[in-house]
Amino acid sequence: MDTGFIGLGTMGRAMAANLPKAGHHVRVWNRSQEPVQALAAQGATACESPVEAFQAGVVISMLADDAAIRQVLLQGEVLAYAPRSAIHVNMATISVALAKELTQAHAEHGLRYVAAPVFGRPDVAQAAQLNILAAGDPLAIEHAAPLFEAMGQKTWNLGQEPYRANVVKLAGNFMLGCAIEAMAEACAMAQAHGVAPRDVLDMLTNSLFASPVYKGYGGLIADERYEPALFKLVLALKDIRLALAAGEQGHVPMPFASVLRDNLIEAVAQGDGDKDFAALARVASRRANLNER
């Protein structure tokens with residue numbers, strides 16, 4: 001399949017690299033050139049602009065945030081110059097409001113738009129084991145299915161309105177943050193009474209909470225292994241803010257999300273923004289002065 005790929009950050013680069021391996025022809029564009037050249041060495045075609053990448057039949061974007069998407073896709077003439085038969089698959093985590101705006105913008109240009117955010121960190125993306133949340137035109141999703149199969153272990157179809165996939169992604173990241181915060185506070189409480197966090201988490205993540213999220217992040221917390229970051233804490237803060245905005249738009253109070261936002265802001269203020277999301281656990285231990293005992 002002739003495919004464009006825009007946005008080659010840590011996640012995008014790992015995802016895009018799996019497409020040539022599956023036999024797809026990939027045109028790649030990124031604002032910095034190093035990942036473009038790296039993928040070109042693996043068989044991809046380097047593009048000089050997003051417009052050039054959008055000449056493919058299906059275009060995947062994995063840009064960092066709402067601001068990057070607006071700058072690259074909405075403030076220029078990328079959509080205006082795209083072939084009317086093109087399908088745009090946006091796999092980034094974005095706000096519900098922007099998801100609806102993008103749906104309208106693509107419709108005005110006669111393009112098909114699919115939202116397909118993912119669950120999985122860069123190592124999962126590299127292994128092509130992502131869970132992909134897809135919503136949009138059913139025929140467009142069906143057409144893009146071979147690309148999803150090359151990047152993920154399962155595609156979850158969430159309906160015809162693209163924003164639905166973004167809602168579920170934000171809900172999932174909110175629950176992920178709650179799990180990290182719960183482990184952080186539980187470990188701080190136990191440690192204050194002389195029980196090591198590793199002993200707490202080893203027992204609980206192999207019994208009551210034996211799930212990938214608790215095991216994976218629990219291991220990072222137990223080892224205090226927050227670098228290198230597979231999902232930066234500052235990006236988690238962005239997603240929790242988006243979840244709160246979605247809640248407000250739907251008149252849904254989210255008190256736990258408010259606590260998460262404030263704790264993440266505190267972590268960033270303490271210099272942990274570029275560390276892994278699991279470094280949120282340091283907030284609870286700092287507040288309890290555990291490092292001073």
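Trainee: In which loop is Pro228 found?

Mentor: Pro228 is found in the loop between α11 and α12. Helices (H or I, at least four residues) and strands (E, at least two) are DSSP runs, numbered from the N terminus. This is a predicted model, in which local features need pLDDT of at least 70 and side-chain atom pairs count only at pLDDT 80 or more, while totals for chains, interfaces and linings use all residues. Residues are numbered from 1 along each chain as its sequence is written, and side-chain values use heavy atoms, with hydrogens and water left out.

Trainee: What joins Glu227 and Pro228, and which backbone angles deserve attention?

Mentor: Most residues other than glycine have a negative phi, and most peptide bonds are trans. Here a cis peptide bond joins Glu227 and Pro228, with omega about -5°. Glu224, also found in the loop between α11 and α12, has a phi near 55°, a positive value in a residue other than glycine. Ala128, which lies in the loop between α7 and β8, has a positive phi near 60°.

Trainee: Are Glu224 and Ala128 buried or exposed?

Mentor: The terms rest on relative accessible area: buried means under 20%, exposed over 50%, and partly exposed in between, with a 1.4 Å probe and protein chains only. Glu224 counts as exposed because its relative accessible area is 61%. Ala128 counts as buried because its value is 16%.

Trainee: How is the length of helix α6 checked?

Mentor: The expected span of a helix is 1.5 Å times one less than its number of residues. Helix α6 covers residues 96–108, so its 13 residues should span 18 Å; the end C-alpha atoms are 19 Å apart, which agrees. Just after α6, Gly110 takes a positive phi of about 75°.

Trainee: Which residues of α6 are buried, and what covers them?

Mentor: Val96, Leu98, Ala99, Leu102, Ala105 and His106 are buried in α6. Their cover includes the helices α4 (66–74), α5 (78–81), α9 and α12, together with the strands β5 (87–90) and β6 (112–115). His106 counts as buried because its relative accessibility is 0%. Contact means heavy atoms within 4.5 Å. Leaving aside neighbours within four places in sequence, His106 is in contact with Leu79, His88, Leu111, Arg112 and Tyr113.

Trainee: Where is Ala134 placed, and which residues does Ala134 touch?

Mentor: Ala134 belongs to strand β8 (residues 130–136). This residue is buried because its relative accessible area is 0%. Not counting residues up to four places away in sequence, Ala134 touches a set of residues including Ala115, Ile141, Phe148, Trp156 and Ala165. Ala134 and His88 are 46 residues apart in sequence and 12 Å apart in space, C-alpha to C-alpha.

Trainee: How is a nonpolar core read, and which members of the largest one touch the most others?

Mentor: A nonpolar core is a set of buried Ala, Val, Leu, Ile, Met, Phe, Trp, Tyr and Cys residues joined through side-chain atoms within 4.5 Å. The largest nonpolar core has 60 residues, of which Phe5, Met15, Val89, Met91, Phe148 and Met151 touch the most other members. Helix α8 (residues 138–151) supplies the largest share of this core, 7 residues. A second, separate core of 36 residues includes Leu176, Tyr226, Ala284 and Leu290.

Trainee: What volume does the largest pocket have, and which residues are closest to its centre?

Mentor: Rolling a probe the size of a water molecule over the atoms shows where empty space is left. On a 1 Å grid over the protein atoms alone, a pocket is an open set of points where a 1.4 Å probe fits, with protein on both sides within 12 Å along at least five of seven lines; lining residues have an atom within 4 Å of a point. Grid points are joined across faces, edges and corners, and a volume is the space filled by probe spheres set on the points. The largest pocket has a volume of about 1,300 Å³. Of its 45 lining residues, Met11, Gly120, Arg121, Lys169 and Phe231 are the closest to the centre.

Trainee: Which element gives the most to the lining of the second largest pocket?

Mentor: Helix α14 gives the most, with 5 residues. The second largest pocket holds about 290 Å³ of space. Among its 16 lining residues, Gln191, Glu224, Tyr226, Ala281 and Ser285 lie nearest the centre.
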